[in-house]
Amino acid sequence: TTVLDEEWGVPWFDGSRFIHTDYNPESGDQDTTRLVVRRTSDKTVLMDLVSDGYVGHAVPSPLGNNQIKAYWGETIFAPRAVVVWDLATQKILYATEQSDLAPSVSWMPDGSLLRVRSSGAISKIVIGGEEQLLATVTWPGGRVPQDVYVSPDGTKALVQLAELRDTGSVNSVDLWIMNIDGSDMKRYTDNGIISDAFWSPDSRTIAFVKDTGVSCTDFTCVGSCTVWY
């Protein structure tokens with residue numbers, strides 16, 4: 001099965017559809033993002049929507065419906081929120097506060113959300129319902145979470161933890177693995193520049209993106225990104 005090889009696309013869990021986002025920072029008075037959903041088998045466009053602002057890291061719900069989780073900000077450089085958006089009704093079903101450090105939220109297999117906070121709080125969020133505190137942990141080395149990725153079987157989570165400089169910029173980023181309740185936390189990578197992680201559908205294999213850059217400043221790293229598992 002092929003997809004558009006010139007564009008990034010994120011598949012639904014069953015592989016039937018995928019979504020591509022195209023951010024346009026020069027679309028008049030306000031930045032916009034185009035979201036296109038295509039059928040995987042023949043690339044037919046199923047949905048074609050435009051959102052104000054920046055929309056990134058769109059991840060479809062594991063339930064196979066029309067809900068996606070994504071980052072949203074007024075621009076790509078502005079503070080971001082995590083939103084759950086129903087593409088069919090074009091309604092926001094859940095949104096975090098906007099923050100310079102994007103909130104760390106992941107889908108759970110039942111369509112709820114797992115959120116980890118800088119304070120160490122780990123909670124489960126039911127869309128349209130309440131937030132339930134599961135545990136409070138101490139992040140190693142005073143690091144702060146950048147993102148979280150729950151395994152498809154719902155038992156474990158990868159937490160992307162960043163070490164910050166005194167200026168507030170990121171010095172290094174690596175992955176830790178833990179149970180959903182925060183127990184049995186162990187370091188998973190020791191590379192220093194990690195971005196994005198992906199579980200295999202059977203929850204047995206983990207892929208992640210690492211930057212080979214060796215020269216980093218407060219703003220960027222010089223290197224190339226590669227996928228490892």
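Let's start with strand S6 (residues 67–73): 6 of its 7 residues are buried, so S6 is largely enclosed by the rest of the structure. Buried here means under 20% relative accessible area, exposed means over 50%, and partly exposed is in between, using a 1.4 Å probe and protein chains only. Strands are DSSP runs of E with at least two residues, numbered from the N terminus.

A quick word on where this comes from. This is a predicted model, in which local features need pLDDT of at least 70 and side-chain atom pairs count only at pLDDT 80 or more, while totals for chains, interfaces and linings use all residues. Residues are numbered from 1 along each chain as its sequence is written, and side-chain values use heavy atoms, with hydrogens and water left out.

So who sits beside S6? Two strands pair if DSSP finds at least two bridges between them.

Zooming in, Gly56 has Tyr71 of S6 as its bridge partner, and Trp72 stands opposite Ala81 in S7. The hairpin of S5 and S6 has 6 residues between the strands, and Gly64 there takes a positive phi near 80°. In the hairpin of S1 and S2, with 5 residues between the strands, Gly15 takes a positive phi near 80°. Pro11 is bridged to Phe18 in S2, and Thr21 stands opposite Leu35 in S3.

Now for the inside. A nonpolar core is a set of buried Ala, Val, Leu, Ile, Met, Phe, Trp, Tyr and Cys residues joined through side-chain atoms within 4.5 Å. The largest one has 14 residues, and those with the most contacts inside it are Leu114, Val116, Trp139, Ala157, Val159 and Met178. At least two of its residues come from each of S10 (113–116), S13 (144–150), S14 (156–164) and S15 (170–179). S14 gives the most, with 3 residues.

Met185 is partly exposed, at 25% relative accessible area. Beyond residues up to four places away in sequence, Met185 touches (heavy atoms within 4.5 Å) Val137, Trp139, Pro140, Trp176, Ile177 and Met178. Met185 and Trp139 are 46 residues apart in sequence, with 9.2 Å from C-alpha to C-alpha.

Technical notes: Helix = DSSP H or I, 4+ residues; strand = E, 2+ residues; numbered from the N terminus.
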